[in-house]
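These are my notes from an afternoon of looking up single residues, written down in the order in which I took them.

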Amino acid sequence: MGIVLKQSLNNTLITYAGFGIGALNVLFLYTNFMAEDYYGLIQVITSAALILAPILAVGVPNALVKFYSSFDDTQEQDSFLTLMLLLPLILILPVALISHIANDAIGSFLAKENPIVKDYVWYIFIIGMAMAYFEVFYAWARIEMKSVFGNFMKEVFGRIVQTILLILLFFEVISVDFFIKGLVGLYLARTLMMKLYAYSLRMPRLSFHFPANTSSILVYSGLIILGGSTAIVLLEVDKVMLNQFIEIENVAYYSVAGFMATAVGVPGRAMHQITYPLTAKLMNNKDVAALRQLYQKSSLTLFIISGFLLVLLLLNLNDVYLLLPENYRGAWSIVFWIGMAKVSDALLGNNNSILFNSNYYRAVLFMGVGLAILTVLFNLWLIPAYGLDGAAIASFSAFLIYNGIKLVFVRRKYGMLPFTKETLKVFLLLLATAAIFFYLQFPFQPIVNIAIKSLLMSALYLGILYRFKISEDVYGAISNYLNR
């Protein structure tokens, strides 16, 4: 876990720096500097692009990580990397043509409830394409065990640019339409910079004598589209479907609450950047003992962090909402349900890495597709009935079912569970921390209240973790910090 912990800590710091900038943007700048309908429009555009991106990437980011370490010969590696660079064009080119020909029809469908969306269909494709190739070049860097720069570009760079654009919008230097065009340029520039960095680590040498196992790679890539699409559909389809049923400004309200809940999933995103290639290597080497240890330690570490973040967020939420415009307040249940979905993800540790690098990925992917369809059906049922709360409950329900199936699958095929007796200890500690601080309120300004309660909760929680050595990795990290 040494390399995992080191790069995970670096990635966590970067990711939380990005999250901090994102919090500034979402909670204060977007909510005060931009009209609610345009903010909702931006969320619909980016969510639709996020759903499109894994399809356009054709599973290449996952295939890069899975197969690269299996090639020992430099020439075979060059042939493999050439294939990975060209493969996304198989879908990007025809989808671009379809988007051009059917632009009006697609726009009319998306604009059924909110006409403002109709003129921005082409933007969805361009951003989706940029996101797809960004992930390709990010994976290119990760196979060289270099994840920090890519994480910075993914989590920090784009948010800094958005901050600048929002300030320019506030001072009327640019219009909202120019702002949206600026977002498109941002995603294209980010992809170009990631490409240059990836090539600095390993410059591609084009070789069209593709590897002997090309057919296996293509089958895996094609099927992994389903897996990547499933994960994104579970995360983003709610915002796209809200646009189909209710006024678009509600997408803005939902997105703000959802963004706060995403803080719970940040540690997982940071850790998975390095556990994914490490898991692939352990599975290629058939090191089951090390894989089990990684599975359990990643689960415990993520549960310790993500579970506490959710408790911390929920107990401070009333003060957080006092800092927001009135229309954005009162979405406690959305934060709770989406936060719980993130915690269920954290409990699975590197489960996704195991499944997508295993010989059983086909079955899991098809189950995932079924659950993506179920998510859409949940939203079709719950959004008209319960509005924004219905979308959050639909997302949580889909995640719970999906994660439960993946948990059982790994248990049956590999005889491993991520849970240990320490998992129960952490769960009880989280409940105790929440119970102790639930009724504790301070009469100060909201930011001061949040700071005081967070410090007290952190001191109790970390103190107990350290005193009883519930996690070796967390104990070691705290010890190193105290020694310094």
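Before anything else I wrote down what a helix is here: helices are DSSP runs of H or I with at least four residues, numbered from the N terminus. I also noted that the model is a predicted one.

Entry on Phe210. I looked for its place and found Phe210 in the loop between helix H9 (176-201) and helix H10 (214-245). Its relative accessibility is 35%, so I put Phe210 down as partly exposed, since that class lies between under 20% for buried and over 50% for exposed.

Entry on positive phi. Which phi value does Glu172 have? I read a phi near 60° for Glu172, which is positive although the residue is not glycine. Glu172 sits in the loop between helix H8 (148-170) and H9, and I counted Glu172 as exposed because its relative accessibility is 69%. Lys469 is not a glycine either, and I noted a positive phi of about 50° for it. I located Lys469 in the loop between helix H18 (446-467) and helix H19 (472-483), and with 52% relative accessibility Lys469 therefore counts as exposed.

Entry on Asn250. Is Asn250 buried or exposed? I found Asn250 within helix H11 (residues 249-262), and its relative accessibility is 18%, so Asn250 counts as buried. Lastly, I looked up Asn250 and Tyr386, which are 136 residues apart along the chain, and found their C-alpha atoms separated by 13 Å.

Methods: Residues are numbered from 1 along each chain as its sequence is written. This is a predicted model: local features need pLDDT of at least 70, side-chain atom pairs count only at pLDDT 80 or more; totals for chains, interfaces and linings use all residues. Side-chain values use heavy atoms; hydrogens and water are left out. Helices (H or I, at least four residues) and strands (E, at least two) are DSSP runs, numbered from the N terminus. Buried means under 20% relative accessible area, exposed over 50%, partly exposed in between (1.4 Å probe, protein chains only).
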